[in-house]
Amino acid sequence: MTYNNRLIGKDIPVEKRRAALETNYKHWPRETLSTHFAKVSQSFANEPYIYINDEMITYKDVWLQARHYAKAMLQMGVKRRDHVAILMQNDLHYPSLFIATSMIGAVFVPLNTMLHKDELAYILTQSDAKYLFFHQTIKRTHYEKMILELL
C-alpha cells in the first residue's frame with residue numbers, strides 16, 4: 001500500500017520499504033528529530049504512530065502532545081542542552097516527551113525501569129540530569145519513594 005508515495009503496512013517486505021525510503025529521501029537533510037517528525041506527521045497525520053497496551057495514537061496526536069510538553073518544559077525552566085531524564089514504562093506519552101525534548105534542544109536521557117536505587121542514583125549523577133520525569137510506580141516498584149530518598 002502507498003501513502004503519499006511511501007510504502008506503508010507491516011506486510012510489505014523490508015527490501016521494498018527500504019527501496020521506497022531511498023526513493024523518497026535521496027538526500028538526508030541535517031535536521032533535528034523534532035523537525036523531521038513535524039514533516040512526517042503532516043504526511044501521516046491520521047495514521048497510527050504506535051500501539052501500546054491495546055491503545056493507539058496517531059502522528060498528529062503525538063505531535064500535538066509533544067508541542068504541549070515542550071511548552072510545559074520551557075515554563076519549568078528546561079533550556080537547550082539541559083539533560084532531561086525519563087523513567088517511564090512503555091506508554092503513549094513517551095514518544096511525545098522524546099520529541100518535546102528535541103524541540104527545545106535538550107538532551108533526552110532514557111532510564112531503564114529495572115534499575116535499583118543505587119543504580120538509579122549513579123546514572124542520574126553521571127547523566128548530569130537536571131530534570132526527571134517518571135511514573136510513580138512501575139511493576140510494583142515505587143519510584144516516588146526511591147526518588148524522594150535520593151533527593
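**Figure 1. Strands β3 and β4 form an antiparallel pair.** Strands here are DSSP runs of E with at least two residues; helices are DSSP runs of H or I with at least four, and both are numbered from the N terminus. Two strands count as paired if DSSP finds at least two bridges between them. Y51 stands opposite M56 in β4. The hairpin has 2 residues between its strands. Within this hairpin, N53 takes a positive phi near 50 degrees. The model is predicted: local features need pLDDT of at least 70, side-chain atom pairs count only at pLDDT 80 or more, and totals for chains, interfaces and linings use all residues. Residues are numbered from 1 along each chain as its sequence is written, and side-chain values use heavy atoms, with hydrogens and water left out.

**Figure 2. The second largest pocket has a volume of about 220 Å³.** Pockets are found on a 1 Å grid over the protein atoms alone, as open sets of points where a 1.4 Å probe fits, with protein on both sides within 12 Å along at least five of seven lines. Grid points are joined across faces, edges and corners, and the volume is the space filled by probe spheres set on the points. Lining residues have an atom within 4 Å of a point. β7 gives the most, with 5 residues. The lining includes A121, L124, Y131, F134 and I147. By class, it has 9 nonpolar, 1 polar and 1 charged residues. Ala, Val, Leu, Ile, Met, Phe, Trp, Tyr, Cys and Pro count as nonpolar, Asp, Glu, Lys and Arg as charged, and the others, Gly among them, as polar. K130 is also one of the lining residues.

**Figure 3. K130 forms a salt bridge with D82.** A salt bridge is a side-chain nitrogen of Lys or Arg within 4 Å of a carboxyl oxygen of Asp or Glu. The closest N and O atoms of this pair are 3.4 Å apart. K130 lies in strand β7 and D82 in the loop between α3 (59-76) and β5 (83-87), so the pair ties together parts that are 48 residues apart in sequence. K130 is exposed, at 60% relative accessibility. D82 is buried, at 9%. The cut-offs are under 20% relative accessible area for buried, over 50% for exposed, and in between for partly exposed (1.4 Å probe, protein chains only).

**Figure 4. E149 and K117 meet in a salt bridge through their side chains.** The N to O distance is 2.5 Å. E149 belongs to helix α6 and K117 to helix α5, so this contact ties together parts 32 residues apart in sequence. E149 is exposed, with a relative accessible area of 54%. K117 is partly exposed, at 35%.

**Figure 5. K39 and E31 are joined by a side-chain salt bridge.** The N to O distance is 2.7 Å. K39 is partly exposed, with a relative accessible area of 45%. E31 is partly exposed as well, at 27% relative accessibility. The structure holds 3 salt bridges.
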